[in-house]
Amino acid sequence: MAEDRDLAMMRLALDEARVASYWGDVPVGAVVARSDDVVGRAGNARERKQDPTAHAEILALRAAADRLASWHLEGCTIYVTLEPCAMCAGALVLARVDRLVFGALDPKAGFVGSLGDLVRDPRLNHAVEVESGVLSVECGDLLREFFRERR
């Protein structure tokens, strides 16, 4: 069961997802926290920046690394509204993030259990603790509404 901190941080990630939607990006949001301190946050910005790597997770990791003056993000948890893709899952491992909490599953592109499980692959030198399904209904509803409006 999700802790109060996890719920509060996921609500912040949902806020970032809503902002991304405003710009026409798929509403995915991410927040990087060390304890109760938010050290990075972002929403998807691929459309706004015309950058295929501008996923919420990547942008939030960059912000956290900048704030902490280190690419080593040990002690950090990342909260994401949607299961990370292979690129973002790899970035979590490379950044040495301790924990990932995500909302909705992504059966078409998710790489934290759906299509593969990069963050817990025992062949890698770092494993990320995972909790899924936190505010999954709210996260999924936001995505469904976004795509419904575009059809």
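I count two strands as paired if DSSP finds at least two bridges between them. Helices (H or I, at least four residues) and strands (E, at least two) are DSSP runs, numbered from the N terminus.

Housekeeping: this is a predicted model, where local features need pLDDT of at least 70, side-chain atom pairs count only at pLDDT 80 or more, and totals for chains, interfaces and linings use all residues. Residues are numbered from 1 along each chain as its sequence is written, and side-chain values use heavy atoms, with hydrogens and water left out.

**Sheet.** I looked up E1 (residues 29-34) and E3 (residues 77-82): they pair in the antiparallel sense over four bridges. Val32 stands opposite Ile78 in E3. Stepping back, I get an open, mixed sheet of five strands, ordered E2-E1-E3-E4-E5. E2 (37-43) and E5 (129-132) are the edge strands, each pairing on one side only. From one strand to the next, the twist averages 15° (axes are lines fitted to C-alpha atoms, for helices over the stretch in contact, and angles run from 0 to 180 degrees between N-to-C directions).

**Helix.** H1 (residues 4-22) packs on the sheet and touches E1, E2, E3, E4 (99-104) and E5; contact means heavy atoms within 4.5 Å. The direction of H1 makes about 50° with that of E3.

**Cysteines.** I searched the whole structure for disulfides (cysteine sulfur pairs within 2.5 Å) and found zero. For Cys76, the nearest cysteine sulfur is that of Cys88, 16 Å away. Cys76 counts as buried because its relative accessibility is 0% (the cut-off is under 20% relative accessible area, with exposed over 50% and partly exposed in between; 1.4 Å probe, protein chains only). Cys85 is in no disulfide either, with the sulfur of Cys88 3.8 Å away.
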